Amino acid sequence: MRWVGATSKITRRGESRNLSKILAPSTSSLIIKRAAMTRQSPSAMPLLLGIDVGTTGARAILVDARDGRVAAGATREYPLYTPRPLWAEQDPNEWWRGVVGAVQDALAAVPGAEVQAVGLSGQMHGVVLMDGAGEPLGRSLIWCDGRSQEQCEEITSRVGAARLVELVS
């Protein structure tokens, strides 16, 4: 596999790297800022790479850009931590390792693949608290964490449901 005309960058802590670094297991970058690859070889299979960081695992899918056929797919699971009732947490570093592993697995299934574009999706709202160096301070509180239910009900009662939806939409 090769990245064709890779002008994309992966950034973390102000540093830039070529998108091909996503294939290196040692890479620890967290944010793919943009992806723009161009097809070079007419004999290679032009593919679209879809990446989903989900609640139960990271998924990568390769779709043939010519006909929409799924060429390969892979999933790497990671744990959901529930240390107390209503708590739901995940480790952002496990998300990254899951993405890298799933992408590597999918690409290994398609020799000669040329990735033309990358699409990203992820689980619903959550919070990742970061330190000054851009490192996660701990686990992420994900969308299904219910520990703030009491506070949410208090805010809703004070502001009103309709106004709250207006403010946060």
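## Basis of the description

The model is predicted, so that local features are given only at pLDDT of at least 70 and side-chain atom pairs only at pLDDT 80 or more, while totals for chains, interfaces and linings use all residues. Residues are numbered from 1 along each chain as its sequence is written, and side-chain values rest on heavy atoms, with hydrogens and water left out.

Helices (H or I, at least four residues) and strands (E, at least two) are DSSP runs numbered from the N terminus. Helix α1 covers residues 92-108, and its end C-alpha atoms lie 24 Å apart, in agreement with the 24 Å that its 17 residues should span at 1.5 Å a residue; the expected span is 1.5 Å times one less than the number of residues. At the start of α1, the backbone nitrogen of N93 has a side-chain oxygen of D91 within 2.8 Å, a polar contact (a pair of N or O atoms within 3.5 Å; within protein, one must be able to donate a hydrogen and the other to accept it, and residues adjacent in sequence count only if both atoms are side-chain atoms).

Twelve of the 17 residues of α1 are buried, so the helix is largely enclosed by the rest of the structure; buried means under 20% relative accessible area, exposed over 50%, and partly exposed in between (1.4 Å probe, protein chains only). Among these buried residues are W95, W96, V99, V100 and V103. The buried residues of α1 pack against strands that include β5 (45-53), β6 (57-64), β7 (70-77) and β9 (113-122), where contact means heavy atoms within 4.5 Å.

## Salt bridges

A salt bridge is a side-chain nitrogen of Lys or Arg within 4 Å of a carboxyl oxygen of Asp or Glu, and by this rule the count comes to nine. In one of them, D64 and R66 meet at 2.8 Å, N to O; D64 is buried at 2% relative accessible area, whereas R66 is exposed at 52%.

E89 and R147 also form a salt bridge, at 2.8 Å, N to O. E89 lies in strand β8 and R147 in the loop between β10 and α2 (149-159), so the pair ties together parts that are 58 residues apart in sequence. E89 is buried at 8% relative accessible area, while R147 is partly exposed at 30%.

Within helix α2, R158 and E154 lie four residues apart, about one turn of the helix, and the closest N and O atoms of their salt bridge are 2.6 Å apart. R158 is exposed at 68% and E154 partly exposed at 37%. Elsewhere, salt bridges that share partners join E89, R139, D145 and R147 into one network.
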